[in-house]
Amino acid sequence: MTGSPRPASGRPLIIDGCAVATVDGTADGILAAAAPPASPQTGSIGTEYQRGHLVLDRGRIAVVGPGPAPAIAGARVVDGTGCLATPGLIAAHQHLFQRLTRGLAAQRGLAGWLAAAYPVWSHLDPGLTGVAARAGLAALALSGCTTVADHHYLFPRDGGDLLAAVVAAARATGLRLHCARGSLDLGESAGGLPPDRIVAGPDEILAATERDIDRFHDPGPDSMLRVAVAPSAPAAVSEELLRESAGLARRKGVRLHTHAAEGDDEDAVCRARHGRPLIEYLDAAGWLGPDVWLAHGVHLDAAAVARVGRTGTGVAHCPSSNARLGAGIAPVAGLIASGAPVGLGTDGAANEHGGLAAELRQALLAARARGGPAALTARQALALGTMGSARCLGWSAELGSLEAGKQADVALWRLDGLGHADMADPVTALVFGPPAPLELLTVGGQPVVSRSELRTADPVTLAAQARAAAADLRRRAGLAL
Ligand SMILES: [Zn+2]
């Protein structure tokens with residue numbers, strides 16, 4: 001089972017009469033130019049059209065341009081009047097397996113929340129994980145997300161093939177998946193937080209991770225499924241596993257992902273255990289570089305931010321999760337200015353909202369709460385959730401912007417309703433306003449959402465399955481129902 005087939009081609013699809021924000025100017029760090037655009041048509045993140053069109057054909061974007069679309073015999077046409085077309089959003093950090101524990105430990109910070117959640121997660125099996133993943137992916141699709149980086153580090157001993165359940169859920173939902181294959185090797189008996197039954201030794205982990213790369217990773221340009229090597233967090237795994245994971249990823253030509261600087265104690269923990277602060281420890285272990293992206297990056301001082309930028313290490317910003325757990329506000333403006341690729345993530349059950357479009361607004365508000373009104377523009381927020389995430393994932397040649405030849409992953413937002421119609425600039429309306437209705441979402445040119453309805457699953461059925469699965473999980477864990 002390697003990769004997945006490219007979506008069926010079908011007839012060309014024309015989206016006509018919409019505003020278009022291509023986000024085509026951010027591949028080389030132009031995102032760092034924080035100046036507001038000179039006009040609504042010329043954004044600092046790339047080419048925009050007040051009224052334009054797209055032609056999607058054989059899974060790719062064939063044409064994106066101003067004015068009315070050309071007539072193409074046999075093509076399907078979507079009237080985009082009143083809408084804004086953007087690249088499909090990309091979640092650079094998510095944990096789908098956590099979905100069934102939303103609402104748990106609602107008053108706790110990171111460590112307390114994890115301590116409450118690990119014993120519950122340890123009862124997951126492939127059936128429950130599949131339900132969690134399908135429900136989480138449905139919520140992401142309905143929020144304009146076309147690609148999800150899912151950090152899965154939960155592998156109960158003799159618990160079955162949980163990763164295959166996540167992969168199957170992504171295929172059923174029709175979203176691209178960057179499977180960040182996680183691991184834990186420091187359990188309770190070694191002074192760690194997780195129960196021993198969900199940790200394994202480094203050799204076992206590395207062999208299993210290599211098998212997962214071999215069976216799932218598809219590096220091709222039409223890929224629907226890629227794999228990264230992703231130990232849970234520097235403090236949750238041994239130095240040996242961290243170093244060997246970097247070696248494995250580079251030998252196999254895949255990317256590296258982990259949590260970093262989410263909690264305010266990580267520098268102190270690294271100093272005590274390894275004699276240097278977190279970012280220096282990561283650097284020494286081979287964990288800074290253009291093939292690495294880190295989740296959170298909240299507690300980074302100026303020197304650490306500069307080091308992250310200098311090495312081209314990506315950061316997946318997760319503003320709602322950071323706020324929910326009271327973890328702090330990441331220095332996003334500084335990271336952007338440093339040249340680091342900065343993407344946007346939803347994180348897992350510590351963000352009960354679970355949607356990605358809302359993170360555009362949350363990122364904007366969080367950056368301004370920390371750094372003032374000039375800290376982040378609406379266009380920069382959009383760039384975080386599109387090209388910024390694509391750069392984190394190493395997928396920017398194919399995804400992240402609306403350009404001819406790229407994958408036909410498009411979000412078409414309806415902006416002529418009560419929530420947005422009176423705002424003149426569509427990108428401002430999308431980011432500052434309430435979550436916009438999704439007129440259309442395509443992945444590889446295939447409709448996944450149409451007129452706010454999921455085309456690939458029934459949300460009512462998914463909700464009933466998720467409710468039953470969450471109750472089952474609580475029962476297994478001995479929690480009150
Ligand atoms: Zn996370």
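The model is predicted, so to speak of local features takes pLDDT of at least 70, side-chain atom pairs count only at pLDDT 80 or more, and totals for chains, interfaces and linings use all residues. Residues are numbered from 1 along each chain as its sequence is written, and side-chain values use heavy atoms, with hydrogens and water left out.

- Strand S12 covers residues 292-296, strands being DSSP runs of E with at least two residues and helices runs of H or I with at least four, numbered from the N terminus.
- 5 of the 5 residues in S12 are buried (under 20% relative accessible area, with a 1.4 Å probe and protein chains only).
- S12 runs parallel to strand S11 (residues 255-260), joined by 5 bridges; strands pair if DSSP finds at least two bridges between them.
- His259 has Ala295 in S12 as its bridge partner.
- S12 also pairs with strand S13 (residues 314-317) in the parallel sense, over 3 bridges.
- Leu294 sits opposite Val315 in S13.

**Largest pocket**

- The largest pocket holds about 710 Å³ of space.
- Its lining has 35 residues, with Leu110, Leu114, Leu193, Ala233 and Ala235 nearest the centre.
- A pocket here is an open set of points on a 1 Å grid over the protein atoms alone, where a 1.4 Å probe fits, with protein on both sides within 12 Å along at least five of seven lines; lining residues have an atom within 4 Å of a point.
- Volume is the space filled by probe spheres set on the points, which are joined across faces, edges and corners.
- Helix H1 (110-121) gives the most to this lining, with 5 residues.

Definitions and conventions:
Buried < 20%, exposed > 50% of the residue type's maximum accessible area, 1.4 Å probe, protein only.
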